[in-house]
Amino acid sequence: MKKLIKILLAALTIFWLPISPALAQGHLEFSLHKSSWNINIFESAIESNLGNTLKKYILKEVYKDYPGIEDSNYSQNVDFNSSGGNFGFEIRWYPKGKEGVYSLGISLEKTTIKTGFSQISTNIELSDGSVYTGSFGGDFIMEPWSVHLSSRWDIIPSMRIHPYITIGLGIAKGVYLENAKISYDFSADLKIDGDLYESYEVSDTRTLLEVKNELKKINESVFLPGFIPFFQLNAGIKGEITNNLHILVDAGIWNGISFRGGIAFRI
C-alpha cells in the first residue's frame, strides 16, 4: 500500500507541474466514485467449461480407486456467482479548460472482487450399483488497491447533460493476488448396495500463496504474476448540478462489468 501511495504521489507531481498555471480556468476536476462489479455475463460459459473439466477429473479419480468399474449414469450441477464493488478518488486535467472535450485522469482505486460457487453437486451411479455423491462450495475474494491512468472524451461538453467515454489502464501489486482468500467446503458419500461405505467432509480458508505452496509439494505449479492489470472502458452521462458541481453515471468494463456513480467538482 505504501509503495502504491508513493507511485501515486510521484505521478501527481508529474501530472501537476504543467497544469498548475491554469487552475483558475476550469482545467481541474476532482471526483469521488463508487460502483458495483460482477462477471455474471460469463456465467453460462464458466459453468459449462468448468463442468466439463470437473467431470473428467472426478471420473478419473473414481476409476483410479475402482479400476474395474464403469459409470452408468453421471449428473452434475454447477452454480457460479460473482459480486463486488469499487470506490476511488480521481483528479482529471482538461487541457483546453471548461469547454474542452478531452481530459486525462489519475486515480487511486480500491476494488473488491468476489467469485465462487454456491454449490457444485455431483451424482454418479456406477455399473455395480454403487452410488457416489459429492457437494462443493467455495469463494475467491481479492481486494486490491490500484493506481489508474485514463483518458475521457466529453461529447458536446457545453450541454448541461452530455455523454462521455472513458478508456484507461491500471495496475495493482501482485501481493494482493497472493493474499487473496480461497474458502471452500467439500463433502462426499459412497454407498454400496444402499449402505454408506465411505463418507468425508473438509472445509478450510487459505490464501492463494498458501495454495500455491501446497501444490508445490505434490509437484504441481501455479503461476502468480507480479502485478494485477486493470482495463477500463466506460460510457456514461454527466450532468451539471451547479456551475462547478457535476454528477456522473456510467457503465462498462472494469476487469468485469461495472456500474458506477460519482460526483465531481471543477475548478
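**Entry 1**

I began with the second largest cavity, which is lined by Glu90, Ser107, Glu109, His148, Ser150, Gln232, Trp254 and Arg260. Strands S3 (102-126) and S5 (145-154) are the elements that give two or more residues to this lining. I sorted the lining of the second largest cavity into 1 nonpolar, 4 polar and 3 charged residues. For that sorting, Ala, Val, Leu, Ile, Met, Phe, Trp, Tyr, Cys and Pro count as nonpolar, Asp, Glu, Lys and Arg as charged, and the others, Gly among them, as polar. The volume of the second largest cavity is about 30 Å³.

A note to myself on terms: a cavity is a set of points on a 1 Å grid over the protein atoms alone where a 1.4 Å probe fits but cannot get out, and lining residues have an atom within 4 Å of a point. A volume is the space filled by probe spheres set on the points, with grid points joined across faces, edges and corners.

**Entry 2: what I am looking at**

This is a predicted model, in which local features need pLDDT of at least 70 and side-chain atom pairs count only at pLDDT 80 or more, while totals for chains, interfaces and linings use all residues. Residues are numbered from 1 along each chain as its sequence is written, and side-chain values use heavy atoms, with hydrogens and water left out.

I find 4 helices and 11 strands in the chain; these are DSSP runs numbered from the N terminus (helices H or I, at least four residues; strands E, at least two). Of the 267 residues, 37% count as buried, meaning under 20% relative accessible area, whereas exposed is over 50% and partly exposed lies in between (1.4 Å probe, protein chains only).

**Entry 3: the largest cavity**

How many cavities of 30 Å³ or more are there? I get 2. The largest cavity holds about 120 Å³ of space. Its lining has 16 residues, and His33, Glu90, Arg152, Leu248 and Arg260 lie nearest the centre. S1 (28-38), S2 (71-93), S6 (161-173), S9, S10 (245-254) and S11 (257-266) are the strands that each give two or more residues to the lining of the largest cavity. S11 gives the largest share, 4 residues. By type, the lining of the largest cavity divides into 4 nonpolar, 7 polar and 5 charged residues.

**Entry 4: His162**

Next I looked up His162, which sits in strand S6. Is His162 buried or exposed? His162 is buried, because its relative accessible area is 4%. Its side chain makes a polar contact of 2.8 Å with the side chain of Asp154. A polar contact is a pair of N or O atoms within 3.5 Å; within protein, one must be able to donate a hydrogen and the other to accept it, and residues adjacent in sequence count only if both atoms are side-chain atoms. The His162 side chain also reaches the backbone oxygen of Met159 at 3.1 Å.

**Entry 5: Ser221**

Ser221 lies in the loop between helix H4 (208-216) and strand S9 (227-240). Ser221 is exposed, because its relative accessible area is 71%.

**Entry 6: strand pairing**

S7 pairs with S4 (131-142) in the antiparallel sense over 11 bridges, and Thr133 stands opposite Asp189 in S7. Two strands pair if DSSP finds at least two bridges between them. S7 also pairs antiparallel with S8 (195-207), over 12 bridges, where Arg206 in S8 is the bridge partner of Ile182. In the S7 and S8 hairpin, with 2 residues between the strands, Asp193 takes a positive phi near 55°.

Notes
On a 1 Å grid over the protein atoms alone, a cavity is a set of points where a 1.4 Å probe fits but cannot get out, and a pocket is an open set with protein on both sides within 12 Å along at least five of seven lines; lining residues have an atom within 4 Å of a point.
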